Each structure stands twice: as C-alpha cells, then as structure tokens.
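The following paragraphs lead through a protein model, from single residues to the overall fold.

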Amino acid sequence: MGEATLQKRENPRTVEELEDLAFELRSKLLHLCGTYEGAVHIGGDLSAADIFTALFEYGLHVDPTDLRNPERDRFVLSKGHAAVCMYIAMSIRGFFSYEGIVDTYGQLDSAYGMHPCKVQLPGVECSTGSLGHGLPIAVGMALSARGRGESHRVVCLLGDGETGEGSVWEAAMAARSNELGNLVAFVDRNRQMMTSFAEERVVFEPYPDKWAAFGWNVVHIDGHDMGQLVEAIDALPATDSNRPTVVICETVKGKGVDFMERNLAWHAGSLGAADLERAMAALEASRQKESV
C-alpha cells in the first residue's frame, strides 16, 4: 500500500463479527488481569471494550502496516488509564502481538505502560494519562489537519469523569469556534469515578444538553449495543462539515462480569486464579444471555 493512498476495507466487519471481537477483547483483558501482579484498570477497560472494538475494527481509517500514512485517522485516548484495553484492541487489529503485551505490560521500559506513550509504541498517536488533556490535544490535531487541507478524522475517547475538567469545555468551545467537523469525541459514560458514582461528586446532567450548548452535534447511544455504535459511525458528518460530533455512549463499568458491574471496588484490581475462573464464567454467561 503506497504512502499517498489509504484504501478502506472492501468487506467491513459485520455487527456479529464485531460482537465476537469485543468478547475476545474482554476475555484477553481478564486473562491479563489474572497474570499481571499489579492492578489493572479493569472496570473502565470493560466499559469501553465495545467502543474500542467498534473504532479499531470498523470506524478508524488506518492501516497497521502503514502507520505514517498522512491520510490515516488519528486516535487519542484521553482516558489514558484504559491503555491496556487499547493495546489489546490494537493487537487484535494487527498492530502488534498480544503475547508482547502479556509478557511486558507495566514493566520498566515496556512499550506497554499503564498509560500510552507515543515514543515507546508505534501506532500510538499521543501520550496521555493526565485527565482532561486528550480533547485539547485532539482539537489541535484537527485544527492542524484543517490548515493543511487534509481530510482525515481525529477521534478522541474520553471518560465521563474527566469531563468535570474545565480544559475539556475550553476545548469543546474551541472546536466549535473553529468549525472542526473533522473531530469526533466518544464519551464512555459509565457514570462512575475512582471512588464514587459520578453524580455524587459532580453534577453532569443534563449531560447531552451541555455538549449541545457548546455547539456540538450530539449523538446519544447505548455504548454496549454494537449495532448502535456502527450506526453512529456510519452517520458521522463529512469531515469538511462545520460542527464537531460527540457520541455519548451509555455504558456499565465492569460490563460483562456480574461481580464487577457498577462495583466501585473494581475501578482497578487484579484477579487470582479462582477469581479469573469466576470472571470468565460470568463473561460467558453474559454473552449467552445477550445472544438469546
């Protein structure tokens, strides 16, 4: 594939294929959580797994073998603590091997740190981790693309908790002011923070109205419904439009594992052998229930 041209997939993934890949992503997340000696941000990883799958396997126009192609879409993970979920999604897409993640995750000098590092891992567009910084960076990237006459998208994934940061809303205002229709924000709206439920600390509602008030095109969906995720991606305005888009994804922290779902204790943690077996059984049961 030449550097000047980036071809789209001839046969896009079906919703059913995407659902299978999301299950694979969650399975690999749980196994890594069961082998890594430290804590993994498993709750927010599981809530975002469907979004990551939809983006890397369907929405993002990028070739893992041609990472410097100027036509590629750019992805910014603003909720940087979900890095391991991104790494695994990228490995499933073919950027690198899953085994490399398992063997070195979180170790000194590993390319797979607890937060993503651009200089350590090819394919990562931006080093992130400080909450509230990702969207401002994405705005700068989108504005730069506009200035150069480029037509790719810049996609940013945020956690809802970090949208309590003022920098997010400064970026939102700047994006609309500069008519950045090439910018798309996905929000993992799991309604939990590290130690509390969101509305207990910060009043976010009416959440969609806040984004609309800043001039954004607002799409509100079930972030675990792969069909809705695909429809939202398909319906994105053209990149030369004048309004940025936010896709608010209603999600459940710990999704797919019953004893983790909406449980504040599982913002981060590790799994012993018995807990891993229990978690995998719960994940399989959840999949069977949703397929009925």
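A residue is called buried when its relative accessible area is under 20%, exposed when it is over 50%, and partly exposed in between. With a relative accessible area of 26%, Cys 117 is therefore partly exposed. The model in which this value was computed is a predicted one. Cys 117 belongs to the loop that runs between α4 and α5 (134–147). Once neighbours within four places in sequence are set aside, Cys 117 is in contact with Val 124 and Ser 127. Ser 127 is 10 residues away from Cys 117 in sequence, and the C-alpha atoms of these two residues are 4.4 Å apart in space.

The secondary structure consists of 10 helices and 5 strands. Taken along the principal axes, the box filled by the C-alpha atoms is roughly 55 × 45 × 40 Å. Of the 292 residues, 52% are buried. When contacts between residues at least 6 apart in sequence are considered, 78% of them join residues at least 24 apart.

The accessible surface amounts to about 12,700 Å², and carbon and sulfur atoms account for 50% of it. The protein carries 26 positive and 42 negative side chains, while the centres of these two sets lie 4 Å apart.

Which helix is mostly covered? It is helix α3, spanning residues 83–93, where 11 of the 11 residues are buried. Among them are Cys 85, Met 86, Tyr 87 and Ile 88, as well as Arg 93. The partners against which the buried residues of α3 pack are α1 (15–35), α2, β1 and α4 (98–104). Gly 94 follows α3 and has a positive phi, near 110 degrees.

A pair of aromatic rings is described by the distance of the centres and the angle of the planes. The structure holds 12 aromatic pairs.

Trp 216 is buried with a relative accessible area of 1%. Ring pairs also build a cluster, which links Phe 52, Phe 56, Phe 75, Tyr 87, Phe 95, Phe 96 and Tyr 112. Through Tyr 87, this cluster includes a residue that is buried in α3.

What is the geometry of the peptide bond from Glu 205 to Pro 206? This bond is cis, with omega near 0 degrees. Pro 206 sits in the loop between α7 (198–201) and α8 (207–213).

Two arginines have a positive phi although neither is a glycine. For Arg 191 the angle is about 60 degrees, and this residue is placed in the loop between β3 (183–189) and α7. Arg 191 counts as partly exposed because its relative accessibility is 32%. For Arg 262 the angle is about 55 degrees, and the loop that holds Arg 262 runs between β5 (245–250) and α10 (273–291). Is Arg 262 buried or exposed? At 52% relative accessibility, Arg 262 counts as exposed.

Definitions and conventions. Residues numbered from 1 in each chain as written. Predicted model: local features only at pLDDT ≥ 70, side-chain atom pairs only at ≥ 80, totals over all residues. Heavy atoms only, no water. Helix = DSSP H or I, 4+ residues; strand = E, 2+ residues; numbered from the N terminus. Buried < 20%, exposed > 50% of the residue type's maximum accessible area, 1.4 Å probe, protein only. Contact = heavy atoms within 4.5 Å. Areas by Shrake-Rupley, 256 points an atom, 1.4 Å probe, with all protein chains shown as cover. Lys, Arg positive; Asp, Glu negative; His and termini not counted. Charge placed at Lys NZ, Arg CZ, Asp CG, Glu CD. Phe/Tyr/Trp six-rings, centres within 6.5 Å; stacked < 30°, edge-to-face > 60°.
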